[in-house]
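Please take a look at the model below.

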Amino acid sequence: MPSPRPEASILHLDLDAFFAAVEQRDKPSLRGKPVVVGGTGHRGVVATASYEARAYGARSAMPTAEARRRCPPGTAFLGGRFEAYRVSSRVVMDLLREVSKVVEQVSVDEAYVDLGAADLPEKSPDAVQALVTGLLARITEETGGLTASAGVATSKMMAKLASEMDKPGGLTVIPPGNETRVLHPLPVRAVAGVGPATAARLHGFGVETVGGLERVSLADLVAIFGQAHGQGLHRLARALDERAVVTERETKSVSVEETCETDIADQNRLGHELDDLSRRLAARLGTAALFGRTITVKARRHDFTTLTRSGTLPHATGEAGVIVREARRLLGTVDTSTGLRLLGVGVSGLTDHAQEELMLEQLAGLTRVGPDRSDASSRGDWDHPPGNPADSQAAQAESSDGWMAIIERRAAGWHTGQDVRHTERGPGWVWGTGRGLVTVRFEGPLTAPGPIRTYAADDPGLSHADPPDWRPSGEERGPAA
DNA sequence: TCTGGGGTCCTAGGACCC
DNA sequence: TCTGGGGTCCTAGGACCC
């Protein structure tokens, strides 16, 4: 069977029982004993079990309660110290980057290395074997005793399978040409992308091994699993895997979610949870300097059914207040009366700059009128008493579920998410502030193309503690209709 | 005492536009 | 006056991975 790469140049490296191993390294009394790291609450699951704990049947993704049942007294159940894990992870990844510039970090404890991009004096199988053996030893040395397993093959899939063949601490090389001989006897679950659901369906067709999968026609696989998945299975069953080792990937979404200790049905408490999640999400967007347009709320019921509701804003945001409002609106569309076991908030449609401010500026540029704007009269009049600092002007923009007014006035004293009441369009809220402008979003569609009034704060010295009432400041131009 | 949290990719249907 | 097809965007859900 032809292999995409002529040489076994892909290395997969996996740190053994990583979280548990770090705990045992840092706390000698845990060495030789079963250690389970993961959620310790009554709804927790196991992230990593030490090899001692695995001997009793503890496994990753198993409910911690189940692991407690299986493991003997004296087993350590730990919540995890992610900063410590990150530190050791960085040490390892840096060592890998010394070998080759092309390193793809899959997770804290796993990476692919393209040895084809490495500056090696020799690329014979023996030389690669020696190189990786030395690398594993250095990893143990530099991390104070952690071990890693490695696999080298002609593709990512085969390298990953190879790294699993001699754990912990082993190295397996699959020479070119041997791929299908190794692959075909394995259960279908060995193929990347075959999880419990796909495996069960394949079993239903009598397909148990990858060799069996290879005998299923492409047409059948596509008919059963769809275009992308079907084609992927067809190729991977033949060890055809040309996926490149990719050093960097663009973040597509950021999310925060939390499983409650007990189900929550109370509207107030759900609202507060949502606020908390949204703030944490905004903080993470902030440190990543990311902004997103689509907000998604995730809810899981007691029976584990999971539903999502998403809404796309006119412009990207990173503001907690904006996220909170949209998240609350979205949660309002799901029936939570029977309680939720999990609540989550996410943002996608990411950009690395806030279009919000840009938009504010553009709209303000289109609509702002004043003594300093000589072209105002040519675009229609937005007249207001000049020189009155409390007056405002507005532009409006429609979206599928609401419209916005762009208010020109000082931004001080306004914060996103703030309620704006007593407008003739019903309640609104501050969607964004910046560059001396305030955007207000009104809920509900703009039904009639009638004139739009703008709203001015009746008190320029507004405080956060005292949300403003807005009053119409004068007749304005209607939407372009 | 069932089942975390952070992601990715795919599908399918509807809206809307040309 | 009958009924095009493609492309894009959006939403909801599902499968999978670590």
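## Ground rules

This is a predicted model, in which local features need pLDDT of at least 70, side-chain atom pairs count only at pLDDT 80 or more, and totals for chains, interfaces and linings use all residues. Residues are numbered from 1 along each chain as its sequence is written, while chains are lettered from A and ligands numbered from 1 in the order in which they are written.

Helices (H or I, at least four residues) and strands (E, at least two) are DSSP runs, numbered from the N terminus.

## Around DNA strand B

A residue is near a strand if its C-beta atom, placed from the backbone, lies within 6 Å of it. There are 25 residues around DNA strand B, and Arg43, Ala228, Lys252, Thr259 and Phe304 come nearest. The largest share, 7 residues, comes from β9.

By class, the surface near DNA strand B has 10 nonpolar, 10 polar and 5 charged residues. Here Ala, Val, Leu, Ile, Met, Phe, Trp, Tyr, Cys and Pro count as nonpolar, Asp, Glu, Lys and Arg as charged, and the others, Gly among them, as polar.

## Around DNA strand C

DNA strand C has 19 residues around it. Ser107, Gly195, Ala197, Thr198 and Leu307 come nearest. β5 (103–107), α8 (196–204) and β11 (306–317) each supply at least two residues of this surface. β11 gives the most, with 7 residues. The surface near DNA strand C divides into 6 nonpolar, 10 polar and 3 charged residues.

Two strands pair if DSSP finds at least two bridges between them. An open sheet of 4 strands has the order β9-β12-β10-β11, with antiparallel pairing. β9 (253–264) and β11 stand at the edges with a single partner strand each, so one side of each is left without a neighbour in the sheet. On average, neighbouring strands are turned by 15 degrees against each other, direction ignored. Axes are lines fitted to C-alpha atoms, for helices over the stretch in contact, and angles run from 0 to 180 degrees between N-to-C directions.

β10 (residues 291–301) and β11 are joined by 8 bridges. Ile295 stands opposite Gly311 in β11.

## The enclosed strand β7

Is β7 buried or exposed? In β7 (residues 148–153), 6 of the 6 residues are buried, so the strand is largely enclosed by the rest of the structure. Buried means 20 or more other C-beta atoms within 10 Å of a residue's own, exposed means 12 or fewer, and partly exposed is in between; C-beta atoms are placed from the backbone. Ala148, Ala150 and Val152 cover one side of β7, and Ser149, Gly151 and Ala153 the other.

β1 (residues 10–15) pairs with β7 in the antiparallel sense over 6 bridges. Leu13 stands opposite Ala150. β8 (residues 171–173) runs parallel to β7, joined by 3 bridges.

## Two single residues

Glu257 lies in β9. Glu257 is partly exposed, with 15 other C-beta atoms within 10 Å. Leaving aside neighbours within four places in sequence, Glu257 is in contact (C-beta atoms, placed from the backbone, within 7 Å) with Lys298, Leu342, Leu343 and Gly344.

Val322 has its place in helix α13 (residues 320–331). Val322 is buried, with 26 other C-beta atoms within 10 Å.

Note on methods:
Contact = placed C-beta atoms within 7 Å.
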